[in-house]
Amino acid sequence: MEATLGFITDNLQLIYLIILMIFVGIELISHVPSVLHTPLMSGANAIHGVVIIGSIIVMGQASDTLSLLLGFFAVVLGTLNVVGGFVVTDRMLEMFKKKK
Amino acid sequence: MQQHILQVIYLIGSVTFIGGLKYLGNPATARKGNLIAAFGMIISIFGTIFLYTNHEGEHLVNLGFIFGGLTVGTIIGWMAAKKVQMTAMPEMVSLFNGMGGACAMLISVIEFNHLTKGVTGVAELPTGEMITIIIGMVIGSVSFAGSIIAWGKLSGRVKDKSFSFQQFINIGLLLVILFFAYQTVFVSSEEFTETFYLVLGLSLLYGVLFVLPIGGADMPVVISLLNSFTGVAAACGGFLYDNKVMLVGGILVGSAGTLLTIVMCKAMNRSLVNVLIGNFGGGNVTAAGAGTAIVGTIKEVKAADAAILMKYAKKVVIVPGYGLAVAQAQHVVHELETLLESEGVEVKYAIHPVAGRMPGHMNVLLAESNVSYDKLVEMDEINPEFNTTDVVLVVGANDVVNPAAKTDPSSPIYGMPILEVENAQNIIVNKRSMKAGYAGIENELFYRPKTSMLFGDAKKALTELVSEIKNLG
């Protein structure tokens, strides 16, 4: 019990942030026309590529070969997620541009 | 000083994600939104590389490897995203999602190794960090394995597979994962490395079993759900490193993705639970649906006759479906549309929210061939118009025009809103064969007296139609 409470108070800022972001996320998506569901999903897909920052931090502190190898893969995969995600989304949205 | 700059960069990054997602929700600003979020991502990445310091104030090393990884990933990702066909977009998104999940999984594995180096008992490990690591790993692995299966299904490499008691097996597997995860963090004294990798293996297996039985038509919903999973896995990393931008980005996608998943389910008038365990198109359901015998005969029509019908119509509504995407017929359908318009026919497209393999799939596809945005009419708006429509041309769509969804309670798609094309004067259905649609059920519409079938690949059939209309002069 005390450990749990301690954990919560230690991370209070982050927990607040998580709760607020849950509501922001829900608020942002409501009332979106179904036409945009696919690009939106794809855009969100690119945004969670932010996980790459974790892989960069891991990689930047790796000292043994195994960590280096796995970290390298993690960076490559994360980059694929980010770059691929944003480029695909842009290609989809390019087609929504206004016609005369 | 540098730390403060990095925190400000993360703050800006977080705001661009929120703003970007907001802009993505509006057709006029969507592209800008995507670019804004991409900008935030780039500054966050480079800020981390150059400004990040750990608790001892040391900068990151191995910069060569980091840039190497970034370069390799950028080249492959860029080329894959540029080269992929518009029709293959859904599986591409799924694949990229899987990469993110795998990235989260690897981060957890490395952090685990790092944390447990030289440690002999669980008591020595920080519980909070261990929990975060293991949650990130489980969710990341499930998302990775699931996305790969979803990708395989959409690209036709993996077939739907369901077996008896598979729901129970999945739930059982989930409990086993939870049990061993608990063991790893709290109980096992020496074997925590073994149980950790056991959890990893079981999570991957769960990801596979979770997606395998779900029907191909429901893949968009599954991809959206896995998308939000990866978001949560990324957020775990944010929690681990006390990194706000990872936390904001991850949780944002997690919650927005979950809501998007539910919205998509609603568009099909089904609940999420129903999609996940409903076993769409599986054995029992199909049998029930096929039990309703359909009486009537199929009427076939030649392109020349269809051409006459359409040329002298006042109003034609085109209903595109997955068949259009498969045949890459989006350009020829646009040609047909402009040709008919030049003959004074009013042409519109009726877009069902779940036509194709993703919501908005048809919009993206038709926009690619320069079909004007205002010609694409959503279901609720077009349905009252079918009464005054002379010809409906259904191109490769099936379940979204199946009247059984309204009339037959035993049908697996009963209750799903459909395009009420049966109210039109004439219905021409282009299909490759009489094979059932993705839901695996017969369509009574094809047997109705007003309906005629134009068999053939969508691209070939429409090209023929276009030339026949031209021949009429």
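B:Asp242 lies in the loop between α8 and α9 of chain B, where helices (H or I, at least four residues) and strands (E, at least two) are DSSP runs numbered from the N terminus. Phi of B:Asp242 is near 55 degrees, a positive value in a residue other than glycine, and B:Asp242 is partly exposed, with a relative accessible area of 45%; buried here means under 20% relative accessible area, exposed over 50%, and partly exposed in between (1.4 Å probe, protein chains only). A positive phi, near 60 degrees, is also found at B:Gln328, which is placed in the loop between α13 (322-327) and α14 (330-342) of chain B and is partly exposed at 23%. Most residues other than glycine have a negative phi.

The model is predicted, so that local features need pLDDT of at least 70 and side-chain atom pairs count only at pLDDT 80 or more, whereas totals for chains, interfaces and linings use all residues. Residues are numbered from 1 along each chain as its sequence is written, chains are lettered from A and ligands numbered from 1 in the order in which they are written, and side-chain values use heavy atoms, with hydrogens and water left out.

Between the two chains, 101 residues of chain B are in contact (heavy atoms within 4.5 Å) with 79 residues of chain A. The chains bury about 8100 Å² between them, 79% of it on carbon and sulfur atoms, buried area being the accessible area (1.4 Å probe) that two parts lose on being put together, summed over both. In chain B, the residues that lose the most area to chain A are B:Arg31, B:Ile110 and B:Phe239, which together account for 8% of what that side buries.

Across this interface of chain B and chain A the rule finds two salt bridges, defined by a side-chain nitrogen of Lys or Arg within 4 Å of a carboxyl oxygen of Asp or Glu. One of them joins A:Asp64 to B:Lys117, with the closest N and O atoms 3.6 Å apart. By class, the side of chain B that touches chain A has 62 nonpolar, 29 polar and 10 charged residues, where Ala, Val, Leu, Ile, Met, Phe, Trp, Tyr, Cys and Pro count as nonpolar, Asp, Glu, Lys and Arg as charged, and the others, Gly among them, as polar.

Over all chains, the count comes to 13 salt bridges. In chain B, the side chains of B:Glu385 and B:Lys348 meet in a salt bridge at 2.9 Å, N to O; because B:Glu385 lies in the loop between α16 (379-382) and β4 (391-395) and B:Lys348 in strand β2 (residues 346-351), the pair ties together parts that are 37 residues apart in sequence. Both residues also belong to a network of salt bridges that links B:Lys315, B:Glu346, B:Lys348 and B:Glu385. A further salt bridge is formed by B:Lys406 with B:Glu420, the closest N and O atoms being 3.9 Å apart, and it links helix α17 (residues 404-407) to the loop between α17 and β5 (426-431) of chain B, the two residues being 14 residues apart. B:Lys406 is partly exposed at 39%, and B:Glu420 is partly exposed at 22%.

The structure holds zero disulfides over all chains, a disulfide being a pair of cysteine sulfur atoms within 2.5 Å. For B:Cys103, the nearest cysteine sulfur, that of B:Cys236, is 13 Å away. B:Cys103 counts as buried at 0% relative accessibility, and B:Cys265 counts as buried at 1%.
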